[in-house]
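Before turning to the description, please take a moment to look over the sequence and the structure. The paragraphs that follow go from the meeting of the chains to the domains within each of them.

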Amino acid sequence: MRKRRMVAPVAASLSAVLLAAGCGGGGGSAVTEATGTLEDPITVQWGEPQSELVPTNSNDTFGSQVLNPMFTGLVEYDPKSFEPKNAMAKSIELSDDKKTYTVKLKQGWKFHNGEEVTADNFVRAWNYGAYAGNAQQNADMFNAIQGYDAVHPADPDGEEGPKKPPEPSAEKMSGLKVVDDHTFKITLKKPFSVFPTKIGYQAFVPLPDAFFENKEKFRKNPIGNGPYKFESRTPQQSLTLTRYKDYQGDDAGSVDAVKMVVYNKAQTAYQDLKSDNLDVINTIPTSALADNRWKDELGERAISKPRMGITVLNLPMYKEKFKNPDLRKALSLAIDREKIVKQVFNGEATAATGWIAPDFPGGPDKGSCGEWCNYDKAKAKEHLKKAGGFDGQLTLSYNADGAHKQWITAVAGSIRDTLGIKVGLNAVPTFGTYQDQMDNNEMTGPFRYGWVADYPTPRTFLKPLYTTSGSANNTGYSSEKFDNLIAEADQAATVDKANQLYNQAASQLGKDVPSIPLFTNAVKGATSNRLAEGTLNSRTVPAITTFKVAQAGE
Amino acid sequence: MGRYILRRLLQLIPVFIGTTFIIYSLVWAIPGNPFAGMCGPRGCPPAFIEQMTQEYNLDKPLPVQYVLYLGQLFSGNFGQTFNGIEVSTLIQNAYPVTLKLATIALVFEAVIGIAAGILTALRGKGFVDNLVLAATLFLIAVPVFVSGFVIQVVFGVQLEWIQPSVGSDPTIGQLIAPGLVLGSLSMAYIARLTRTAMFENKRADYIRTATAKGLKPRRVVSVHMLRNSLIPVITFIGTDFGALMGGAIVTEGVFNIHGIGGLVFDAIKTQEGVTVTGVVTLLVVVYLLMNLLVDILYAALDPRIRYD
């Protein structure tokens, strides 16, 4: 009998718990006095960053989502327009020989731990980032500075060669000199007109002395000088930032506490947003993208803006077949971009007309791709004929862990139908493997490539990707003319002149077609009813400083 | 009994070494450099890749790597992820959540499943029996991600009875709905298993004897019939609990629960070999111990079973 009596209390308590869960759960939380404070923070969709939270060693968007509001560099990019403007720098002055910049810092700025931000914090941080021994991911961001080659010597026979790069002969770049607490000089290897724009990139922020004293502690509890400071973190779950009250800059935030919550499924985040259980999302699940359902469901809360990036189909010019420019042009002519934008992306993308993102500050693309980016069946066939036809199967590669399958299938279909050749797809399981194959020149056919601007000048789309020695040149493209145009642009007298020359260089790509520009898809996201304002920046990272809590009772 | 348990525990050692070696070599054998994708489309500087390769001993031959890893593991160090977080911290954060979720699912499936099984077996053919059979068939047929999304959308988004997802550090109340979803499939199996076993035993000789002795029907059912019928059910519950403790990737994903399943899944995706090996090793040990526990429970339920 003893056992039987247990059943009733167990059943009773279970149903009580069920009832409590049913009544007490409550879907969306409304706006109250506490909204936006630590008690009830504004929540943002997030994912576990791939790297430690150190600006010189972090590269992914999830890392940026935290580091962006935590650090302020000399120059910052406007989250809405992506335009650069001075932040910590009072002035950046160029010397007569166009090689040395004198940077004056604003005074009275403090790190979150109370340390004053001085010129030394910048110089030490940049030297740390560049030094090969520290093996930082963003090391090559500093490569324009004089003395970089001494702290980070190049591999004498390239990455693939058996020789290892020599040991660095110095720990500090000779081009960086502290003048006084609030002044330092940057000497570059050679004139580089858009350098003051480039230093708005995340890797160029200052680091506090606390970082150099105890790096292990800093990794667990990062300290910055930006509008938000680190509060707490549970790895793989969440990270909370709070507003830094003594922030001196003019991009201070208005929300007191923001919590980044790790979501493994875009679908779940989307449901949470719809019921105000999550305040900002920066991905829209595929199911809601169909027929633009998300825009109907979210109405005014939907965010859609141009991305400062571009998706291209890179061509492996290290393979004999693709050395023929007529074949490359034929492929480009055979892709009906407008149709793909309309059918696959429901119009939430822009068909590419060149290699630079449309609406790009400092020089949007002026149609550098020219006629090659227009769908033209007859001309495509003509160029294929000129190239001597195409034997065998053309295989397009993409990484299967991103949302690429749909559109690349459409691209493959377009090429097949237009040129009448066999087209296949090759899905590489992970981006890591994919990147490895690109690095090692192992691609056998065209492969998809996405690029997001690091800084707001057209150079970011050209120099790393298409110059002979470019750090991300995966096509094997090498053109003396193009290299010279880029070098000339780098040394231009003014930024405007430089941007003009970069655009000219892009037109040179239009003659050679080393890759096929496809489209730029929109930055898509949404905010909840609890926010009156809030947007994503043009790299899809939620811009926390733009958040404003809605009025209570709304 | 003591010797039996000891023998079983000793068997754990070769199984432990074997599984960890297989997992370790498989994870790191995935083609492609795990660090190559870390810097996005720009690619990583060679100095970065080289240092990471050295840090994770990937420049050494596989057996050496494995021995180094095992040595580290035995000194209580699970290692660090690529972004510098202790794997032990990750496990500490994720395991309590998985344990809670697994327990809720287990209580749910055992209580409702066994109750439904007993009810249908005692009532015999009729409306209740048909209802339970149809309901369990339905639960077996519907995949977990479907029932998960339906519950989330209906109760979370439309009716707003529950939160559509579970935050970090969830309470028992928040985990009830995901627990129901997670346990629903096994609940159906348990109901059917109990029903069949009860039906079989209903006509057994010892039951007729017990009834003929004049025992109250309640006692016949709860002590004589149920105890014997529960043996296969216990086996099922035991192995199911072992599986639940390994995390539930789908349910965790739908309700955004940060449990052990999602941790392993994410780690596999990003080729975080250290995390995968560490967590899976732990799971193997838990699973083996659960199996041992089930075997011991047999002996307690059925005095005829002796292990020595």
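Predicted model: local features only at pLDDT ≥ 70, side-chain atom pairs only at ≥ 80, totals over all residues.

A polar contact is a pair of N or O atoms within 3.5 Å, and within protein one of the two must be able to donate a hydrogen while the other must be able to accept it. Across the interface of chain B and chain A, nine residue pairs are found in polar contact, with both residues of each pair at pLDDT 80 or more, whereas the count of salt bridges between chain B and chain A is zero.

How many residues does each chain bring to this contact? Chain B gives 54 residues and chain A gives 65 residues. Together, chain B and chain A bury about 5,000 Å² between them, and carbon and sulfur atoms account for 55% of that area. On the side of chain B, the three residues Pro41(B), Arg42(B) and Asn83(B) supply 15% of the area buried against chain A, which is more than any other three residues supply.

The side of chain B that touches chain A draws two or more residues from each of several helices, among them α2 (46–55), α4 (87–123), α7 (172–202) and α11 of chain B. Sorted by class, the residues of this side of chain B comprise 25 nonpolar, 21 polar and eight charged ones. Helix α11 of chain B, which spans residues 260–269, contains Phe265(B).

Let us now look inside chain B, which is divided into domain 1 (2–74) and domain 2 (87–306). In the contact between these domains, 20 residues come from domain 1 of chain B and 16 residues from domain 2 of chain B, and the C-alpha centres of the two domains lie 32 Å apart. Domain 1 of chain B and domain 2 of chain B bury about 1,600 Å² between them, with 76% of it on carbon and sulfur atoms. Within domain 1 of chain B, the residues that lose the most area to domain 2 of chain B are Arg8(B), Ile23(B) and Tyr69(B), which together make up 28% of what that side buries.

Chain A, finally, is divided into domain 1 (1–69 + 215–305 + 522–554), domain 2 (73–108 + 118–205) and domain 3 (309–521). Domain 2 of chain A and domain 3 of chain A bury about 1,400 Å² between them, 64% of it on carbon and sulfur atoms. In domain 2 of chain A, Phe82(A), Ser193(A) and Val194(A) lose the most area to domain 3 of chain A, together 36% of what that side buries. Between domain 2 of chain A and domain 3 of chain A, zero salt bridges are found.

Methods:
Residues numbered from 1 in each chain as written. Chains lettered and ligands numbered in written order. Heavy atoms only, no water. Domains from an automatic or database assignment. Buried area = accessible area lost by both parts, 1.4 Å probe. Salt bridge = Lys/Arg side-chain N within 4 Å of Asp/Glu carboxyl O. Helix = DSSP H or I, 4+ residues; strand = E, 2+ residues; numbered from the N terminus. Contact = heavy atoms within 4.5 Å. Polar contact = N/O pair within 3.5 Å; in protein donor to acceptor, adjacent residues only side chain to side chain. Nonpolar A, V, L, I, M, F, W, Y, C, P; charged D, E, K, R; others polar.
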